[in-house]
Every structure is written in structure tokens, then in C-alpha cells.
Amino acid sequence: MAKLSTILDQIDAGSMLLPEFQRGYVWNRDQVRGLMRSLYLGYPVGALLVWETEGDAQPVRGGGSTAGQKQLLLDGQQRVTTLYGLIRGQAPSFFEGDQAAFTGLRFNVDDETFQFHAPIKMKDDPRWVDVTALFRSGIGAVAQSLNEHPETGPRFYTEFLPRLQKLINISDREFHIEQITGADKTVDVVVDIFNRVNSGGTKLSKGDLALARICSEWADARPTMRRNLDRWAEQGFRFNADWLLRNTNAVATGRAPFSALENVAASEFQDALTHTLHHVDHVLYLIGTRLGVDHDRVLFGRYAVPVITRHLHNRGGRFTDGAEADKALYWYVHAALRGRFAASAETALAKDLETVDAGGVDAVIAALSRSRKGNMRIDAQDFEGVGRGARSYPLLYLLTRVRDGLDLVTGTVLGSDSAAIEVHEIFPKATLVKAGYSRAEINAIANFAFVSPASETHLSGAEPEAYLSSLPEAARRSQWIPEDPSLWRVERYREFLVARRELLGQAATGLMDDLLTGRMPWNRELHAVEVREEAPVSDPRRVQLDSLVVELTELGFASPERDAEIADDETGRVLTVAELYWQRGLQPGLGHPVVLELDPDEADLARLAELGYDVFTTVDALRGYVHRLGEEAAGEVADAAEPVEFEVPADGEFDRAVFATMEACRTELGYDPRYFREMVLQHGAVGAVRRLLASTTPSDGFVRLWEAGRLDLTVEAMAVDPRFAALFGERERDIAQRRLDASRQGVDQTV
């Protein structure tokens, strides 16, 4: 047994650390609240598991002296890190993660609950005690504030002081510590134990296991990899450690499975990593300057890169000449576009590494051609993608960059007048929504063009039938916009898409032929540009998704991928292009991959579920799930809305207004607000509205009515109605008004 204060002192002294193979901090705010609540109430919170080893025997995270024995945390990292952060007011030396998860916790001495700082709710209320300040400075300052305040002073000695003492006594809480020790406890044995005790989370991958062994011989292996991953991230490319390890494995062994690293000495791995970093830099430079693939969003075919790095290593770090480099780029684009590594990536990678070793770039091109029965053309079908996560989006981008696409308004080469460009929807989304097109049609890649920010502002919301004829003909042709004016009418939008896809397919095939035959000139380099992705306020769905991402990340959940293409692991078939995708779960390493798919008719939901994805088809459903997780983690029912004293009018006027609004939605719009109706039946009309206003994320119902141009039917409109304003708190009315103001601004811009 060891007191918590002793454990924290050991961390300060550098004698309790993390083994290098441990992953980072992943807890969210509700889990932090739940831990503190359990400790405060005296509930059991589990034992710690440590690996006792000599100071220099194993690589550790967090530094510290190498002399003497070390206690390496195997189970309990999240709990110990949380408590260290709360009590010390800073993260421990071994920390990797987001400190916001345990920053700003408050304790209410009145109702004995824990919540994170909410400035409006807690302003000038002495009952909310800063937990970290209490531990760091003691009871004195807090006691004075509570004792002198007229509302809390009378209860200070009898109620509040004992509660503060009970909270601060948590530092004396004793934890049971299980120890693993002995010369027979090798890294492999300890990692196996680690995987067993962490069965609820993501187990260490084969790559983690391989790297753990290498780290035992070369302590700087993982830090070196992290430094370079951070360096690429600063350049706009986000890779994970497994991807870099795949490249290093390819260079070191020429094989795909991580098991191939078992016989690679640390010195050999260090040399291979040095060469890998050089090769990857060369590949990124080439695809950036030759193809314009200059940022993370358009970097498709990531697992084609290890094949090229292997070939570069075989050639001493350089291509034979420019023609060979272009052939490698030709293969890279086709492999990415065809989803070569979407299914059984390791199997496909193993075959391609063997092939490139045997015959170089020409051999992998021939193998890919055989797998496609000789069909290496890019046709209209290849541009049928939806959303920026589709494989055809990077293809459209690189085609526009390489073929000197012109700004639609100024007629100058994109990127020459401004270092930034934006995606322009040729047919405005609002126009297509009103015309009744499906979301898949509205978000079709063939409706995307690229313009400067100034030009996007000029064209925003304009109807193609009105503005396309005024643009320079050369600019339209440079972005493959059909010249037939009759196709610019909204009622012929589907025919427009067909015609533009044909033009794009022809242009892309021509570009690929130029790469294959060495006809693409080398007399200029494409410079990186910034692609801005700000959502126009006129896109309600985008606004909702942005708000949801902010809300969830502030709660401590991971940031998702946007518009992510998800393929079948076995066949490579595209199952969906999800609006939001948490590949490693809402919290990395915990739970299943999570998908938000708002167009369920366009996705194979059954197959996604079969493959273990948690799929949500509405924002409301995902938010509800997340908040249920939060309530369970916190061990208490979270407040759905700020407390407000009110009386529902006896005549039931508000209830009648709510049910009349729901009926108007059904009869006038053909929209049944079923989710809201269930909330009303469960919580009452006022309670349901207040729950919707408690979130910064607009509900699905609000978005649906925004798109229909019927903001008058929203609960936000009722909350600011003078007849009912007294039923809601100031914060709720403010949220409702800001939401209405923003949406009305968007409507005005699109009319």
C-alpha cells in the first residue's frame, strides 16, 4: 500500500515513470469528474500495477535519474496522471495528451458535486471551489471566502469546512500496488501482461511490440520517430507511428509484417530509420512539387509510400532519372485511386515490396495493370465520389494544380495571386437543397471547383445560370466546366455532373499518360498552397458538425476525421464516406471505431456494423450516446440545463404552442420531429426545449428547419418569444438568439 501523496512524490523524484511502450493520456473530463467523485465518497478505484526494474534497464518516458530502482506504471496511468495534474496543477513529466482534460475542476461545497469551470454559471458564487488551488494552497484562502460571504458563512463550520477537509484528505488515500519484478520479466513478458490487464482498451500492436524491444536497446527510437512525425505535421502531413514503422521496416527488411523486425538489431534499425526519413522526405517533395499533393487532406494512398521508399533505398536514395520518378508517381496515383491498400493492406504491401525488389517501378506498374486486366484508364466513373474524403477529391485537386487551373473570376493561375484557395461549389448547396436533390448529389465531387478566397466571396450563393456566362471562357475550360449553357440550369444538374465527369476523366487520363511516357515537363515546381475549408454560415449541416466537433473535443474526446472514406477491410469496397470518423474510438484506445453517417441510404450500414463500427445516423443520436457515456463515467446524472426557478403557465399556453409547432412541421413540411416529440413526452415541453438549448450544437431538427427556411418553427424561436422568455435562463436565451441570428445571416446571403 502507498499513500497518494507518496506516489506523487515518487513521480517528482523520477522514480515512478512510464515504460516507453505505454500510450498517452486519453481520459476525458467526465472520467476525471467520476474519479474525483469516487475518491471523495470513499469508493474503491482499483489497484495500480507497476514493473519494478533497474533505472537503466528499460527505456522510460519522463526522464529522471537512471540510478536505482524504478516503478514503471503498467496499469493506472490515467488515474495517476489525473490526480497528479489536479493536485500539482501541472502534468507529470511523462505526460502525452491534452491537459485540458484535468484543468479547471471545481467542487461545489453545497451539493458536493464536481464540475469543470463554467464562467457564467459559477461567476461570483463562492460555493464553487477550485480543486487544484485547494490542494496547492490549502484550506485557508477558500475558508476565508466562504466564511465571510453572507450566503455561505452561517453554514461554513458546520457543513462546508468538513467537506473541504474530506476533499483535501484524498491525498492521504492509500492505493494497493501490485509489483512485477524479477530477471525473468523481459519486455516481451511484461508487454503480454500489459495487454492482459488492459483488455478493455486497444492492445499494443505488433508494431508497438517490435518497437518496445528496439527501445530496450536504443532508448531514443520512439522519441526520434515522434520528432519527425511532429516535423511532418508542421508541414501539413499527419502520419502515425505505425506508418513510419512500416516505411522503416520496408527499408530495413524489404518485408511488410512487423515480425520481420524481430531479428533487426537496434543499430540496424537506427540506420534504417535515418535512411527512411530521407526517402520519405524525397517522396513528399516529389508528390508536392510534381503533383501538387501538398497537404494532408489530398494525400491519398499513404501505404503506397513504403513501396517507393523501398525502391529508393534499393537505388541508393535516388531515382535513375526524371522519367523513372514520374513512373513512380504514375503508379502511386493509380494505386491510391484504385484502393490498392484499402483491404488487407499488409498483404498488398508484402506483394508490392517483393515485386519492386525484383523488377523496380516497371514491375509494380505491370502488376497493377494485370490486376485491372490491362485497364489503366481513368474515366468518368472515377469522379463519382462524394465529399472531400472520396478518392476522387485528391485526383481533382492534383489535376487542377498540375494542369494550371485558372481562377474562375480573375483568370489567373490558381495560387499565383494568393497563397490560399478555396473549394467552390459550382451549383450552390442551398439551391440544390431547395430543388430537392439528395445529399450525395449535392456533395458530388464533380460539383467542386477551386478559386481564390476573394473569388469565392464574389461567387458565393450565385446561380450558375447567371454567373458562369460572365466568367472568362479560358477559366471555365481550365476547370473542365461544360460549355453548354443549358447544363447550367438547376433542373439539369444531374446532366451537368455527367458531362463534367466525362471531361475530368479525359483530362486525368491524359495527365497519367504524360507521367507514364515522360512527357510532363520538369521546368517548374508547384508551390504549396493553403486550401481553406471554412464552412459558409449558409451551410447548416456544416455549422452543426463544426459545433459538434468543438463540443466533443472540449469534453475531452478525440478529434475526428472529416469526410472520411471507409473501405471494407476484406474487399476494399467503399462502404461510406462518413461525415465524421473516429478511427481509434471516441477516446483513442478505448471502444470501437465510431462513424457519423448522415446519408444512411448511401452507405452499407450492415457491413459497417459487421466489421465492428459503431454507426450513428443523426447528430442527436451521437450526442445522446456521448452524454450517456459521460454520465456513467462521472457517476452522476449531468445537469441538462442551468437551474432556473420558474412556473409553467397554468393555462398551458407554452405546451399548446409546442404541439402546434410539431403539427405544423408535419402538415406543412412533411417532417415529423419524432426525436423532439419523445423528449417532450419524457421531460415535458419546457424541459425538452431547455435540454436542446443546453448544448452549443444545433439539433437535427433545427438544421432540418433551417434548410427548409422555417426558422419560425424552431424551439429557438419559441425561447426568444416574449410570451415565453421568462421560462428560460439568460444563457439559454442567448444561445437561441445567436443560433437564429447566424442562420438568418446565412439565409440572407443565399437569397
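Where is the place of Asp404? Asp404 sits in the loop between H16 and S11. Helices (H or I, at least four residues) and strands (E, at least two) are DSSP runs, numbered from the N terminus. The structure is a predicted model, in which local features need pLDDT of at least 70 and side-chain atom pairs count only at pLDDT 80 or more, while totals for chains, interfaces and linings use all residues. Residues are numbered from 1 along each chain as its sequence is written, and side-chain values use heavy atoms, with hydrogens and water left out.

Confidence is considered next. pLDDT is the predictor's confidence in each residue, from 0 to 100. The protein chain has an average pLDDT of 87. A score of at least 70 is reached by 93% of the residues. Over residues 638-650 the pLDDT stays under 50. The model gives this stretch 27 contacts (heavy atoms within 4.5 Å) beyond four places in sequence. Residues 747-751 also have a pLDDT below 50. Beyond near neighbours in sequence, that stretch has 5 contacts in the model.

An open sheet is built from 5 strands. Their order is S4-S2-S5-S3-S10, and the pairing is mixed. Two strands pair if DSSP finds at least two bridges between them. Strand S4 (60-61) and strand S10 (177-180) are the edge strands, and each pairs on one side only. Strand S3 (residues 48-54) runs parallel to S10, and 4 bridges join them. Val50 has Gln179 in S10 as its bridge partner. Helix H1 (residues 4-13) packs on the sheet. H1 touches strand S2 (16-19), S3, strand S5 (69-75) and S10. The direction of H1 makes about 70 degrees with that of S2. Axes are lines fitted to C-alpha atoms, for helices over the stretch in contact, and angles run from 0 to 180 degrees between N-to-C directions. Helix H3 (residues 77-88) packs on the sheet as well, touching S2, S3 and S5. Its direction makes about 110 degrees with that of S5.

Salt bridges were searched for over the whole structure, and 52 were found. A salt bridge is a side-chain nitrogen of Lys or Arg within 4 Å of a carboxyl oxygen of Asp or Glu. Asp12 and Arg88 form one, with an N to O distance of 2.8 Å. Asp12 lies in helix H1 and Arg88 in helix H3, so this pair ties together parts that are 76 residues apart in sequence. Asp12 is partly exposed at 43% relative accessible area. Arg88 is partly exposed at 24%. Buried means under 20% relative accessible area, exposed over 50%, and partly exposed in between (1.4 Å probe, protein chains only).

A salt bridge also joins Arg163 and Glu159, with the closest N and O atoms 3.6 Å apart. These two residues are 4 residues apart in helix H7 (residues 156-168), a separation of about one helical turn. Arg163 counts as buried at 16% relative accessibility. Glu159 counts as partly exposed at 26%. Both belong to a network of salt bridges that links Asp110, Glu112, Asp125, Arg127, Arg155, Glu159 and Arg163.

Asp404 takes part in a salt bridge with Arg524 (2.7 Å, N to O). The pair links distant parts of the chain, 120 residues apart. Arg524 lies in the loop between helix H22 (493-517) and strand S13 (530-532). Asp404 lies in the loop between helix H16 (392-402) and strand S11 (420-425). Arg524 is partly exposed at 37% relative accessible area. Asp404 is partly exposed at 30%. Asp404 is not a glycine, yet its phi is positive, at about 55 degrees. Asp563 is likewise a residue other than glycine with a positive phi, near 50 degrees. Asp563 is placed in strand S14 and is buried, with a relative accessible area of 15%.

Helix H23 (residues 540-554) has 15 residues. The expected span of a helix is 1.5 Å times one less than its number of residues. H23 should therefore span 21 Å, and its end C-alpha atoms are 21 Å apart, which agrees. Its buried residues include Arg541, Leu545, Leu548 and Leu552. The buried residues of H23 pack against several elements, among them strand S14 (561-567), strand S15 (574-582) and helix H25 (619-634). Gly556 follows H23 and has a positive phi, near 105 degrees.
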